[in-house]
Amino acid sequence: MRFGLDIAQQRVPFHEVIDRAQFAEQLGFDGVWGFDHFQPMYGDGPGECFEAQTTLAALSGHTSRVRMGILIAGMTYRHPSVYAAEAITIDHASNGRLELSYGAAWYDKEHHELGIPFPPLRERIDAFEEAIQVVRGLLTTDGFTFEGRHFSTHGATLQPRPVQHPHPPIWVGASGEKRMMPIAARYADVWHSYGPPAYMAQKSQRLTEFAEAAGRDPSEIMRAGSLSLDDLDEAARLIDEWEKAGFGYLVCGWPGAGRPRIEAFAERVLRH
């Protein structure tokens, strides 16, 4: 089992974001994760909320081993060609430590307040299915042409190629079985969603079915879930359940108890 730590880059100064990433690396976490929002979503006070892509670029210069990603990057915030170029840059800045995540976005309040277009769900998912093909194509193909209803490219080439070949692992955040999970089954290297292990085991079986229908080996897609560190005894029990369900990665939430709780988890789980 691999473990990442959500470093919760909201309502804290930027030096604390860096400190948290270095803290996770020192403790032995496999990855550090931020979120893709421009405004804080919870907590009190004005605080700070730092843009995710530039945060990853900064963290790449303050860490040396830990991998880094966003849980989950929203398609609506960046044109996919721009997102692909940013991903290549971060992959080089981190010497191949980027986890490239993608989802259809959901936080309507933020879109409306900032004037970012937020299409209806069906249209958003249609656009996402095109966007993920554009991103993957630009990461791997010279002279890439794509003609879609929402996005298109014309003989486009982005150089240099990513450090990771053929591209950084593509995570897709998806729970809807009608559209989003089939898209994940076609294009994802890692599928992430939220829920308890028993529920997620059922969703994972559905992903297997979608992958087989798409002609893919389901074992090519890593399953990833999330883990609360608020109760370490419960966390240890759930890790066993996640492993039995076939999940290979858990993103640990930053607990209310803070660093001492994370250190205790690392001592109990990561170092044994």
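Arg 11 is located in the loop between strand 1 (2–6) and helix 1, where helices (H or I, at least four residues) and strands (E, at least two) are DSSP runs numbered from the N terminus. The structure is a predicted model, in which local features need pLDDT of at least 70 and side-chain atom pairs count only at pLDDT 80 or more, while totals for chains, interfaces and linings use all residues. Residues are numbered from 1 along each chain as its sequence is written, and side-chain values use heavy atoms, with hydrogens and water left out.

Although Arg 11 is not a glycine, its phi is positive, at about 60°. Its relative accessibility is 25%, so Arg 11 counts as partly exposed; buried means under 20% relative accessible area, exposed over 50%, and partly exposed in between (1.4 Å probe, protein chains only). A positive phi, of about 55°, is also found at Asn 95, again not a glycine. Asn 95 belongs to the loop between helix 3 (80–93) and strand 4 (100–102) and is exposed, at 61% relative accessibility.

In soluble globular proteins, nonpolar side chains tend to be buried together. A nonpolar core is here a set of buried Ala, Val, Leu, Ile, Met, Phe, Trp, Tyr and Cys residues joined through side-chain atoms within 4.5 Å. The largest such core has 71 residues, of which Phe 3, Phe 29, Phe 128, Trp 191, Leu 227 and Phe 265 touch the most other members. Helix 5 (residues 121–140) supplies the largest share of this core, 9 residues. Apart from it lies another core, of 8 residues, including Trp 33, Ile 72, Trp 171 and Ala 224.

Beyond its neighbours within four places in sequence, Phe 29 is in contact (heavy atoms within 4.5 Å) with residues including Phe 3, Arg 65, Cys 252 and Phe 265. Ring pairs link Phe 3, Phe 29 and Phe 265 into a cluster. Rings of Phe, Tyr and Trp (its six-membered ring) pair if their centres lie within 6.5 Å; planes under 30 degrees apart count as stacked, over 60 as edge-to-face and the rest as tilted. The count comes to 14 aromatic pairs. One of them, between Trp 171 and Tyr 249, is edge-to-face, with 5.1 Å centre to centre and 85° between the planes. This pair links distant parts of the chain, with Trp 171 in strand 7 (residues 170–173) and Tyr 249 in strand 10 (residues 249–252), 78 residues apart. Both Trp 171 and Tyr 249 are buried. The pair of Trp 242 and Phe 247 is edge-to-face because the planes lie at 65°, with ring centres 4.8 Å apart.

Asp 30 occupies the loop between helix 1 (14–27) and strand 2 (31–34). Its relative accessible area of 25% makes Asp 30 partly exposed. Among the residues in contact with Asp 30, leaving aside neighbours within four places in sequence, are Arg 2, Arg 65 and Tyr 249.
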